[in-house]
Number of protein chains: 2
Amino acid sequence: MTSNETVGSVGETAALARIFPRLPNADAALVGPGDDAAVIAAPDGRFVVTTDMMIHGPDFRLAWSTPHDLGWKAAASNLADVAAMGARPTALVVALAVPADSPVTLLEGIADGFRDACAALAPGCGVVGGDLSVSDTLTLAITAFGDLDGRAPVLRSGARAGDTIAVSGVLGHAAAGLRILFEHGVMDATELRSREPLVDAQLAPRPPIGDGVLAAQAGATSMLDLSDGLALDARRIAAASSVALDLDSALVGGREALDGGEDHSLLATFPAGAVLPGGFRAIGRVVAGAGVLVDGTPYESRGGWDPYEGWNGALG
Amino acid sequence: MTSNETVGSVGETAALARIFPRLPNADAALVGPGDDAAVIAAPDGRFVVTTDMMIHGPDFRLAWSTPHDLGWKAAASNLADVAAMGARPTALVVALAVPADSPVTLLEGIADGFRDACAALAPGCGVVGGDLSVSDTLTLAITAFGDLDGRAPVLRSGARAGDTIAVSGVLGHAAAGLRILFEHGVMDATELRSREPLVDAQLAPRPPIGDGVLAAQAGATSMLDLSDGLALDARRIAAASSVALDLDSALVGGREALDGGEDHSLLATFPAGAVLPGGFRAIGRVVAGAGVLVDGTPYESRGGWDPYEGWNGALG
């Protein structure tokens with residue numbers, strides 16, 4: 001096992017053999033990798049599913065992210081979507097496309113990132129299948145599954161006037177980390193992240209996955225994961241629920257907390273007076289109307305991160 | 001709606017709005033696209049899942065495949081993996097990454113391909129979620145689901161000496177179509193496929209999806225879908241089952257039928273004397289030993305299609 005082996009030089013079969021032992025097992029896997037398909041337990045009689053791609057360029061840069069970061073972030077962001085339905089994550093499938101001249105250690109690092117993110121954020125969840133391809137563009141495609149354990153899914157459409165708006169997880173940290181990375185330009189991020197902890201919030205976020213189930217059990221009326229920023233995602237709950245979400249600026253924080261994307265924290269609404277579960281803290285109140293308010297005033301900023309606008313290929 | 005609109009010019013939200021109405025609905029969708037995740041019925045208490053990527057270059061060329069072909073083939077090949085477990089396909093999730101300058105009609109064509117493949121090959125199955133990204137490399141990542149309706153999954157490991165080897169679907173047609181395309185070089189394939197029907201077997205295969213459930217109901221002892229060619233895939237059943245598969249050349253056909261990949265036909269073994277269901281026809285017998293035999297003689301050809309070896313970027 002030498003460090004100059006590439007995916008192309010060892011071939012698909014050998015590369016897969018190097019990845020599989022590093023991937024986390026899923027407690028729910030009845031038939032795991034190796035056949036035409038996996039078979040996963042769905043004791044609830046339903047399963048929750050979400051899919052997402054991470055593309056080199058718009059979604060990450062190898063100058064900044066380690067392979068471990070890529071696996072970690074791909075797992076974390078998809079687990080957050082499962083959690084945002086009030087479900088318990090059970091399994092992931094992972095399709096990877098890498099340039100043929102990629103070192104095998106790239107795949108190993110990505111696999112280790114999946115393993116560690118599952119262990120840290122959703123114990124018992126694991127990788128039950130995958131696909132490995134060659135591509136000029138490094139691409140991760142993740143599909144994640146969860147079980148509702150008999151509960152109703154928590155949708156975006158159930159918020160009612162009078163509900164408490166609450167969030168679990170950080171606000172604006174991932175955007176602050178991205179800003180710091182941009183301020184320092186294209187460089188090795190290793191040294192920077194050692195003295196700027198917010199960079200880790202961008203490169204390897206730690207969303208509060210377990211709080212999704214706790215929110216559902218506590219009667220959350222709506223929930224989503226904050227991928228595009230608090231203001232933009234709150235507007236989605238407002239639209240789906242035909243209400244307005246009035247955020248309290250003293251509880252939210254500044255502009256980066258309102259507009260910064262990629263935290264993958266959980267935004268939920270709870271009946272007034274509910275005891276907020278887990279790490280949830282109140283940040284506002286649902287009112288009649290439409291859209292997002294801050295301290296009672298309409299808030300119109302677009303916010304968030306649009307890869308169609310924000311990605312500049314020339315920056316690498 | 002003009003033909004020079006690109007994904008980048010209309011933006012992600014508008015592009016998605018153009019795709020969604022074209023996608024097939026899934027009967028099993030309890031919560032469809034639009035929330036953090038979908039919720040799918042799994043009446044069996046388990047679900048079958050497979051994932052696969054199609055990459056521009058190694059897996060397809062826009063010079064040959066229409067957008068409709070891409071959606072069709074992505075659906076068909078993943079549905080075949082579900083069918084090969086003996087499961088009934090219920091749903092797909094689809095992640096697409098396209099160059100920003102792609103016409104929106106590319107996405108519409110892909111969506112129509114998914115719709116038509118589901119309708120033709122697995123009625124009731126549909127698309128329950130997805131993701132749209134920008135990438136320099138056109139990439140489709142598909143994850144497909146199925147329900148076992150209370151049956152045991154049909155694995156690769158259950159073949160026993162004495163079993164009948166049977167296949168449903170064509171053998172070598174996709175490889176013949178690819179050979180014809182290569183012989184004619186890089187060109188518009190429209191005219192060629194009108195006079196060479198085998199080209200359609202490569203660009204828009206029609207695997208016998210419904211025969212997967214029929215095989216399971218008829219007691220199939222092992223099954224897989226022929227993605228890498230009969231000989232290579234038969235070797236996988238032989239290895240997983242610790243037996244040898246002896247193919248009858250008079251029933252199989254020539255070298256292209258043995259070695260050609262991408263037919264996505266179903267290869268299965270049945271107890272001796274079983275009445276073969278659906279489109280299955282006998283092509284040999286399981287015997288004690290190892291590997292694949294043809295007329296009793298070991299067959300060693302590698303066969304199949306390895307994108308690490310077969311893809312030449314210069315050919316476009």
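What separation, taken over C-alpha atoms, lies between the centres of domain 1 of chain A and domain 2 of chain A? The centres of these two domains are 25 Å apart. The views below come from a predicted model.

**View 1. The two domains of chain A and their contact.** The domain assignment of chain A gives domain 1 as residues 10-147 and domain 2 as residues 164-306. Where they touch, domain 1 of chain A supplies 19 residues and domain 2 of chain A supplies 22 residues. On the side of domain 1, helix 2 and strand 4 of chain A are the elements that give two or more residues. Helix 2 of chain A gives the most to that side, with nine residues.

**View 2. Strand 4 of chain A and its two partners.** Eleven of the eleven residues of strand 4 of chain A are buried, so this strand is largely enclosed by the rest of the structure. Strand 4 of chain A runs antiparallel to strand 6 (residues 139-147) of chain A, and nine bridges join the two. Within strand 6 of chain A, Thr139(A) is the bridge partner of Ala97(A). Strand 4 of chain A also pairs in the parallel sense with strand 5 (residues 126-134) of chain A, over eight bridges. In strand 5 of chain A, Gly130(A) stands opposite Val94(A). Strands of a sheet pair through backbone hydrogen bonds, in either a parallel or an antiparallel sense.

**View 3. Helix 7 of chain A and its surroundings.** Six of the eight residues of helix 7 (residues 210-217) of chain A are buried, so the helix is largely enclosed by the rest of the structure. These buried residues are Asp211(A), Gly212(A), Val213(A), Leu214(A), Ala215(A) and Ala216(A). They pack against helix 2 (67-83), strand 4 (88-98), strand 7 (164-168), strand 8 (222-225) and strand 10 (266-270) of chain A. Gly219(A), which follows helix 7 of chain A, has a positive phi, near 90 degrees.

View 4. In chain B, residues 210-217 form helix 8, and six of its eight residues are buried, so helix 8 of chain B is largely enclosed by the rest of the structure. The buried positions are Asp211(B), Gly212(B), Val213(B), Leu214(B), Ala215(B) and Ala216(B). Their cover includes helix 3 (67-83), strand 4 (88-98), strand 7 (164-168), strand 8 (222-225) and strand 10 (266-270) of chain B. Just after helix 8 of chain B, Gly219(B) takes a positive phi of about 90 degrees.

**View 5. The open sheet of seven strands in chain A.** The strands of this sheet follow the order 8-10-7-11-9-12-13, and their pairing is mixed. Strand 8 and strand 13 (297-298) of chain A are the edge strands, each pairing on one side only. Strand 12 (residues 291-294) and strand 13 of chain A run antiparallel and are joined by two bridges. Pro298(A) in strand 13 of chain A stands opposite Leu293(A). Helix 8 (residues 230-241) of chain A lies across strand 8, strand 9 (244-247), strand 10 and strand 12 of chain A. The helix runs at about 130 degrees to strand 12 of chain A.

**View 6. The contact between chain A and chain B.** Each chain contributes to this contact, with 54 residues from chain B and 54 residues from chain A. Strand 3 (residues 46-55) of chain B gives the most to the side of chain B that touches chain A, with nine residues. That side of chain B divides into 31 nonpolar, twelve polar and eleven charged residues. Across the contact, strand 3 (residues 46-55) of chain A and strand 2 (residues 38-41) of chain B run antiparallel and are joined by four bridges. Arg46(A) has Ala41(B), in strand 2 of chain B, as its bridge partner.

**View 7. The relation between the two copies.** Chain B is superposed on chain A by a rotation of 180 degrees with 0.0 Å of shift along its axis, at an RMSD of 0.0 Å. The two copies are thus related as by a two-fold rotation axis. In chain B, the C-alpha nearest the axis belongs to Gly45(B), 2.4 Å from it. Of the interface residues of chain B, 100% are also interface residues in chain A, so the copies meet through the same surface.

Terms used
Residues numbered from 1 in each chain as written. Chains lettered and ligands numbered in written order. Predicted model: local features only at pLDDT ≥ 70, side-chain atom pairs only at ≥ 80, totals over all residues. Contact = placed C-beta atoms within 7 Å. Nonpolar A, V, L, I, M, F, W, Y, C, P; charged D, E, K, R; others polar. Pairing = 2+ DSSP bridges. Buried ≥ 20, exposed ≤ 12 C-beta atoms within 10 Å, placed from the backbone. Domains from an automatic or database assignment. Axes fitted to C-alpha atoms, helices over the stretch in contact; angles between N-to-C directions. Least-squares fit on C-alpha atoms with pLDDT ≥ 70 in both.
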